[in-house]
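I have opened a new page in my notebook for this one. Come along while I look a few things up.

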Amino acid sequence: MSNGNADPKIIDLLKEKEEGTKPFASIEFFPPRTDVGVQNLYARMDRMKEAINPLFTDMTWGAGGSTAELTLQLATHAHKHGHVANMHLTCTNMEKDGDPKKAVHEALTTAKENGIRNIVALRGDPPAGEEEWKAAEGGFACALDLVEYIREHFGETFGISVAGYPEGHPNAISEIGDPLSMSEAEKGRSSAFDGKVYTCKDEDYRKEMDYLKKKVDAGAAALELFLLNQPSTFQDFIITQMFFDTKVFGTFVEDCRKWGIMCPVVPGLMCINAYPGFCKMTKFCKTRVPESLQAKMDSMKDDAAAIKAFGVEYGIEMCTDLTKIGVEVLHFYTLNLEKVTYGILGGLGYEVKSTADESDAASMVAKGSAWARVGDSVKTKDGATGTVLEVLSDGSAKIDLGSNESVTLPKDHYSKVF
């Protein structure tokens, strides 16, 4: 595909933002499990393009490389239908023909040929059946390696964004035996679940920031080498992990500047759509949840409509705070839905050109079951619900169905309940 048909780089679009104007809006989708879900997502992508004209649209890459082909397909569809596609790419489980980097190279080549010019470079989560991420011999050890590889082999073809973690990466968050021992900074990013307190300790947070600086610098430094040591004006940008306390985000941006990280920091905003999903995700990521927010959610947990309405209300409050901080973009993790995103943007005074249609919500289940971990609630194809006891290396799972009954099912025969 010629450069004339290629997407612009997102960083160039960000530079066009006029001072004093509202932040841009952008959105993220994940690959659905079924063909019906994919077709419904195509329709939703088209509707949301028309309704809110997002600056860019992310498409996630499933844990363990489980959605590689479908992610490329969906990102290409987005590009062809007017979205600026920002394709996630991980270096987890990407071995092909004995080469631990071949599949990554092929994915980037396909993206380039299809006009995609923006990549979110990630390490990725472990594949199904594995609790810890392990690098393949001779392969990528981290997202930094992936950023450097993209620049070395594809030069300035792609704009690259990287992940930032305002509260610390989940792997860097520790249980705190004595909460009174925490520093003020540790308290500010701490979370509490099941009577236990967690935080990213100051020394670990500093390591996180040092690593983030390396990731951001790697894109520009490697590009300068590609351009024969000519100074590069290229800047990556950061998209953050979800958060629900805007003070934590504000502190993170201040810390980025202290570390010499001067690129845009885009806040990742998880739309509150349902009580079970909110609780599952915040606990899994050890996300800080203000006491007032948790109390409000608990009070409405059995009223799905009220939760969704509150998701809009709380989203407006967060986005108002973030606009005051000065963010360039409000990036919505839509969960493949639209009602809350439309409600938030409409409440902020953005033009939303259509009403939400979530009649297809049941089809918006993530492809694969790589996110299902021991202890998660799942639903079988037969409609039974249970708890995961063990995830095997092929993705199948042993599931407790209650009443002393358990079954082992292939990965395509159960799905995680959010």
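**Entry 1: one residue.** I began with Asp 400, which lies in strand β15, residues 397-402 (strands are DSSP runs of E, at least two residues, numbered from the N terminus). I kept in mind that this is a predicted model, where local features need pLDDT of at least 70, side-chain atom pairs count only at pLDDT 80 or more, and totals for chains, interfaces and linings use all residues. Residues are numbered from 1 along each chain as its sequence is written, and side-chain values use heavy atoms, with hydrogens and water left out.

Entry 2: Beyond four places in sequence, Asp 400 is in contact with Thr 385, Gly 386, Thr 387, Leu 389, Glu 405 and Ser 406 (contact means heavy atoms within 4.5 Å). I also saw its side chain reach the backbone nitrogen of Gly 402 at 2.9 Å.

**Entry 3: the cores.** The largest nonpolar core has 107 residues, and Leu 293 is among those touching the most other members (such a core is a set of buried Ala, Val, Leu, Ile, Met, Phe, Trp, Tyr and Cys residues joined through side-chain atoms within 4.5 Å). A second, separate core of 7 residues includes Ile 399 and Tyr 414.

**Entry 4: confidence.** The protein chain has a mean pLDDT of 89 (the predictor's confidence in each residue, from 0 to 100). Over residues 222-227, though, I noted that pLDDT stays under 50. Where pLDDT is low, the predicted coordinates should not be read in detail.

Technical notes: Buried < 20%, exposed > 50% of the residue type's maximum accessible area, 1.4 Å probe, protein only. Helix = DSSP H or I, 4+ residues; strand = E, 2+ residues; numbered from the N terminus. Polar contact = N/O pair within 3.5 Å; in protein donor to acceptor, adjacent residues only side chain to side chain.
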